[in-house]
Amino acid sequence: MEKDNKILKDKKGVFTKPQTITQKILAAHCDKDYLEVGELINARVDIVLGNDITMPLAVKEFQKIGIDKVFDNKKVVIVPDHFTPNKDIKSAEQCKYIREFVYNQNIENYFEIGQMGIEHALLPEAGLVLPGQLIIGADSHTCTYGALGAAATGVGSTDLAVAMATGYTWFMVPDSIKFIYNGNLKPWVTGKDLILYTIGLIGVDGALYMAMEFTGEAIKNLSMDSRFTMCNMAIEAGGKFGIIACDEKTEEYLKDKVKHNKKSYSIFYSDPDAEYCKTIEIDCNQIELQVSKPHLPSNTAEAKQLSEIKIDQVVIGSCTNGRMEDLKIAAEILKAKKVNKKVRTIIIPATQKIYLEALEKGYIKTFIEAGCVVSTPTCGPCLGGHMGILAEGERAISTTNRNFVGRMGHPKSEVYLSGPAVAAASAILGRIATPEEVV
């Protein structure tokens, strides 16, 4: 692809080429005006995030470096959320190990039982992630924070250890794909359906080590909860970043959080003539409720085409779909109804605050009266950890983000991915279903 040699002047009068939002954020974090795609850089990070699975290894590697203190005790964030509340002795030992590290390092942002939530729902809720930031986490779904106009991505525990010590990590500047979502969403369709449709369109490696930039009228009208969902699953298409530029809806979401934390932030936008690897336009008027069949998120179909698939378990929650929008949709469908007696239905609010708000709005009462079980915030069944493991031959439909072989339990079990509307309707009928069948 030929490069456009057109140049612009920035505010300082420096000549530079048009750039994408991702290039601009990375450039700002290594004190450059312009970055070429493919360029190797060392960039300052604003947040370094770990959890109960990834942080123990990162701590061990950090200790090998020989530095006594982390680079900034306010910028290292630790959330034990995968196997907590501790499911066994091993998970308890892991949490004890990182807890001792937290106390030794005086880490300010540590979220234990009672304050914790699923990390990628908790950090935005707490106002810790902001537009224009560069965030790394030893968890692949760290790309969630792109919904706030930040550049956020997952790294390995060793890279996390180095970043904890130095405040820097390395990147190869990624190319970008621009996705333009036009039109209006059909009833019950949310960001989960848009991202499943998109992954089905381009494949699980369709954006490999690229930034997926989500734009268009449909994105502008999308809720923040749905935006988080879309960016969360960029990694399922191989994306390095999933990102949505900050707009009025973003700033409204952040208003109280910024005021409370007394923080400021920088907003970046892609230049109108920035270069993209490709641009893909999607007509949202045509997108139906989606389901990803085993064993890849890209193996998508319309939910109404899968009505013959019987299920044993439903999970509504996770860093993808455990927010208020998701619980509201599920409650609307389950109100005054009962889940199928042969279906175990597990509801997991993503944070304590979401749990409490759902309680105040009556959603928790609705779920329990319908025959569901409601859990404290945890990743739990999403990764086959606890709170809903599948036996051989069992099928689940889940609002989580991955359906690989053995992801939720036995290698011969199956996971179907959907949004909250399909999951809730399926819980009632005991098979994959759409809301129109039960509402």
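Trainee: Which residues lie nearest the centre of the second largest pocket?
Mentor: In this predicted model, the second largest pocket has a volume of about 440 Å³. Its lining consists of 22 residues, which divide by class into nine nonpolar, seven polar and six charged. Of the lining residues, those nearest the centre of the pocket are D46, L128, L130, Q133 and K263.

Trainee: Is α2 roughly parallel or oblique to α3?
Mentor: Helix α2, which covers residues 55-65, packs against helix α3, residues 89-105, with the axes 9 Å apart and an angle of about 50 degrees between them. Because angles under 35 degrees count as roughly parallel and 65 to 115 as roughly perpendicular, the arrangement of α2 relative to α3 is oblique.

Trainee: Which residues in α3 does α2 meet?
Mentor: On the α2 side, the contact is made by M55, P56, V59, K60, F62 and Q63. By class, this contact of α2 with α3 has seven nonpolar, three polar and one charged residues. The partners in α3 are Q94, Y97, I98, F101 and Q105.

Trainee: How many charged residues does the contact of α11 with α14 have?
Mentor: The axes of helix α11 (residues 324-334) and helix α14 (residues 420-429) come within 8 Å and cross at roughly 30 degrees, so α11 is roughly parallel to α14. The residues that meet are D326, I329, A330, I333 and L334 in α11 and P420, A421, A424, A425 and I428 in α14. By class, the contact has nine nonpolar residues and no polar ones, and the number of charged residues is one.

Conventions. Residues numbered from 1 in each chain as written. Predicted model: local features only at pLDDT ≥ 70, side-chain atom pairs only at ≥ 80, totals over all residues. Heavy atoms only, no water. 1 Å grid on protein atoms, 1.4 Å probe; cavity = no way out; pocket = protein on both sides within 12 Å on 5 of 7 lines; lining within 4 Å. Points joined across faces, edges and corners; volume = space filled by probe spheres on them. Nonpolar A, V, L, I, M, F, W, Y, C, P; charged D, E, K, R; others polar. Axes fitted to C-alpha atoms, helices over the stretch in contact; angles between N-to-C directions. Helix = DSSP H or I, 4+ residues; strand = E, 2+ residues; numbered from the N terminus. Parallel < 35°, antiparallel > 145°, perpendicular 65-115°, else oblique. Contact = heavy atoms within 4.5 Å.
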